[in-house]
2 protein chains.
Amino acid sequence: MCQLLGMNCNTPTDIMFSFTGFATRAEEHKDGFGVAFFEGRGVRCFVDHRSARESPLAEMVKRYPIKSDNVIAHIRKATQGRVALENCHPFVRELWGRYWVFAHNGDLKHFAPRLHAAFRTVGDTDSERAFCWLMQEMSKAHASVPSVDELSATLAELVPQVAAHGTFNFMLSNGVALWAHCSTHLHCVLRQHPFATARLHDEDLSVDFAQLTTPSDRAAIVVTEPLTTDEPWIAFAPGEMKVFVHGRLHEPATEHTHFSC
Amino acid sequence: MCQLLGMNCNTPTDIMFSFTGFATRAEEHKDGFGVAFFEGRGVRCFVDHRSARESPLAEMVKRYPIKSDNVIAHIRKATQGRVALENCHPFVRELWGRYWVFAHNGDLKHFAPRLHAAFRTVGDTDSERAFCWLMQEMSKAHASVPSVDELSATLAELVPQVAAHGTFNFMLSNGVALWAHCSTHLHCVLRQHPFATARLHDEDLSVDFAQLTTPSDRAAIVVTEPLTTDEPWIAFAPGEMKVFVHGRLHEPATEHTHFSC
């Protein structure tokens with residue numbers, strides 16, 4: 001199985017602290033890593049088929065403060081698909097003049113939908129197949145970029161059809177919103193004023209967010225297993241999808257729900 | 001105007017030497033840079049809206065020997081489109097289950113084709129528009145991955161329609177072949193046995209390729225202006241397109257032409 005890390009912010013933020021803790025887990029998840037950073041509409045996606053513990057690319061991500069409003073990272077333990085660059089997550093496609101980034105944790109059995117439209121797999125993972133199918137069905141459901149609520153409604157119809165084939169923890173972003181779906185393991189935390197100190201679970205490293213932020217900054221962090229020992233991580237329920245926009249949980253315009261992340 | 005650098009090899013080769021010389025030219029071309037490396041079907045594309053002279057990403061590319069069989073690099077001097085990540089070349093799209101990478105040097109005037117199919121621009125450059133149009137028309141011309149010869153024939157029909165709008169020096173690769181088209185400035189050199197020493201034009205740096213290669217290695221380098229002072233660079237003719245496969249000029253199967261690069 002792989003592990004996922006996502007960040008959605010209201011102001012461009014670097015992910016060096018969280019990624020450092022996340023990359024430590026690459027000892028077990030050694031078959032490649034990847035991280036995609038949105039900056040406005042643009043995206044940079046770094047992938048390597050080497051472990052995030054030893055890749056010079058991962059080293060650069062830990063040291064170079066790339067400020068981004070939406071980040072998706074992945075460390076891979078190969079279950080389906082060879083250890084090859086084209087099988088590294090995140091995957092990127094363009095739809096409606098926007099880039100879409102996707103990473104998946106889990107196994108899908110017998111998921112072989114017909115990819116008859118504009119999205120084909122380059123590698124041979126179930127994950128890329130699921131992404132291409134989501135893109136294909138999204139492109140059929142909307143003629144141009146839908147609102148976050150509209151797309152969330154579409155995904156709520158599509159995702160269970162994939163999840164029926166196995167474990168489908170995934171993150172998806174278009175640079176505006178971060179959709180995170182949990183089959184088995186996913187946790188989130190909201191970092192906002194008043195900021196406190198956080199200590200990594202996997203490494204002897206702490207950070208005092210109060211010194212790095214302004215009171216209006218907000219960041220939502222989503223990850224397979226909690227990264228820190230002293231933050232109020234919330235576990236997703238199986239089958240739950242959360243959407244984050246501007247560093248907080250997005251509440252559908254038509255409903256009145258309580259803030260729950 | 002921007003500058004382009006491409007490499008096509010018969011064995012995965014790093015581009016550190018050539019990129020170092022190329023990046024030196026970023027003093028004038030300071031509005032971003034990008035470099036895409038194919039490894040088999042996979043691709044990694046590094047882009048930065050900062051100059052290749054000062055970007056930590058460019059520094060990594062100069063020092064980290066990423067071995068690739070097809071590389072396209074670009075340094076940008078903005079003429080159309082803001083200085084933003086989404087306007088940095090190379091651009092990447094997927095078609096027929098392959099990634100396609102494109103970079104352009106030149107200005108296109110009044111080129112506003114209808115993008116009615118699966119390829120839309122994310123940024124606001126004429127270059128990305130040209131790439132999306134080429135992808136769209138290629139996808140209409142072939143149902144699945146065509147041969148290099150077939151695609152070259154298609155491009156030979158499409159490219160003049162774009163080039164009629166201005167300067168259209170470009171490079172395109174799918175990880176197998178490198179297509180390079182010249183409107184104004186493009187040069188190539190073939191590095192093969194017997195290898196010699198080459199000295200960069202822009203920096204006091206030499207390399208003895210004989211010490212780094214085996215006799216069967218071959219690499220074709222294509223660039224806006226010659227990178228070295230002591231290699232037999234060949235200038236493209238205006239309107240000429242060359243195709244490189246396995247580190248040498250690709251000769252159409254049905255014709256008998258002389259090796260000319």
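A:Leu172 stands opposite A:Trp179 in β8(A). Four bridges join the two strands involved, β7 (residues 169-173) and β8 (residues 177-181) of chain A, and these run antiparallel. A word on terms: strands (E, at least two residues) and helices (H or I, at least four residues) are DSSP runs, numbered from the N terminus, and two strands pair if DSSP finds at least two bridges between them.

This is a predicted model, where local features need pLDDT of at least 70, side-chain atom pairs count only at pLDDT 80 or more, and totals for chains, interfaces and linings use all residues. Residues are numbered from 1 along each chain as its sequence is written, while chains are lettered from A and ligands numbered from 1 in the order in which they are written.

Stepping back, chain A has an open sheet of six strands in the order β5-β6-β7-β8-β14-β15, with antiparallel pairing. Its edge strands, β5 (91-95) and β15 (248-249) of chain A, each pair on one side only.

Two helices pack on this sheet. Contact means that C-beta atoms, placed from the backbone, lie within 7 Å; angles run from 0 to 180 degrees between N-to-C directions of lines fitted to C-alpha atoms, for helices over the stretch in contact.

| Helix (chain A) | Strands touched (chain A) | Angle |
|---|---|---|
| α3 (residues 126-141) | β5 and β6 (98-105) | about 15° with β5(A) |
| α4 (residues 148-163) | β8 and β14 (241-245) | about 160° with β14(A) |

Now for the second copy.
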